[in-house]
Amino acid sequence: MYTQGLDQKGQANVSEIESPEQLAAFQARIDAEEKIEAKDWMPAAYRRTLIRQISQHAHSEIIGMQPEGNWLTRAPSLQRKAILLAKVQDEAGHGLYLYSAAETLGVSRDEMVQGLLDGKAKYSSIFNYPTLNWADIGAIGWLVDGAAIMNQIPLCRCSYGPYARAMIRVCKEESFHQRQGFDIMHKLCNGTDDQKAMAQDALNRWWWPSLMMFGPGDADSKHSAQSMAWKIKRFSNDELRQKFVDVTVPQAEFLGLRVPDDALVLDEESGHYRFGEIDWQEFHDVLAGNGPCNAQRMERRRSAHDDNAWVRDAARAYADKQSAKAVA
Ligand SMILES: [Fe+2]
Ligand SMILES: [Fe+2]
């Protein structure tokens, strides 16, 4: 038996007696590439890891709507506005699938949302950077959604069934997001000198934070080894970052843009790009809440939650009425 809930750090609280036989049988299922389903036995730490990862992922989708939502009213054409609106709505949908996937592990959506509102749960740091001009919308789609795809395609094969299945649709939508971002950059790079300069400026600001999205280097990544053994994670942070660089640098060249890294060089022998040192101090500062927009993002999320309390009340009242009718 296990008891669940979120403790003060927003971590799932799960206590259970686990025998070595149970743990070995579980690992054998993982090694055989079986999917673990919601009602299957699983180690408490596996459940806790997934609750943390999936809820952080859900929060990131929801907070991630803000930097781009900021440009919905200022998109340069009706067509760009319609595309951006669809993209931002997709991100809301991703958040909802992911909250549902996490709920199958025994945590409630209310608890997860409260963890975010209380500042106890994390979300992806990339969304704490500002969107200063329209080219940022292009750079986000191209780089941020591009990095998200690198991270999320392997999650379609994650050992936990509900998470893996949610990722299949999410990845299809992410690929549309990446394409629309690249298309914005392409238009700007083939426009006036000023437009091309805007695109370059956006790349300059978003390149390094995008590389940080893959998380700390393998030597400093505390959850990686266990997550790989459980097949929640299929590639290490550094492997995914390298894949992203290898795919993205030629795209920047095609656009005629310069990647802001003097150390960037193609290693002919391995076929991989070597790149400069990431500013990990900046990464840790933003993670600790001191990025350019952390306070604003949380303030907006809290006020949206409060302003929309009536929607939750109305939905609850309607559900009560329906269940009363069903009983009568
Ligand atoms: Fe998304
Ligand atoms: Fe996306």
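Here are a few notes on the predicted model above.

1. On conventions: residues are numbered from 1 along each chain as its sequence is written, and side-chain values use heavy atoms, with hydrogens and water left out. Since we're looking at a predicted model, local features need pLDDT of at least 70 and side-chain atom pairs count only at pLDDT 80 or more, while totals for chains, interfaces and linings use all residues.

2. Fold content: I see 13 helices and two strands in the chain (DSSP runs, H or I of at least four residues for helices and E of at least two for strands, numbered from the N terminus).

3. Along the principal axes, the C-alpha atoms fill a box of roughly 65 × 50 × 35 Å.

4. Burial: 47% of the 328 residues count as buried (under 20% relative accessible area; exposed is over 50%, partly exposed in between, with a 1.4 Å probe and protein chains only).

5. Contacts: of those between residues at least 6 apart in sequence, 76% join residues at least 24 apart (contact means heavy atoms within 4.5 Å).

6. Glu33 sits in the loop between helix 1 (20-31) and helix 2 (44-63) and is partly exposed at 42%. Lys231 also has a positive phi, near 55 degrees; Lys231 lies between helix 9 (224-229) and helix 10 (237-255), in the loop, and counts as buried at 18% relative accessibility.

Methods:
Chains are lettered from A and ligands numbered from 1 in the order in which they are written.
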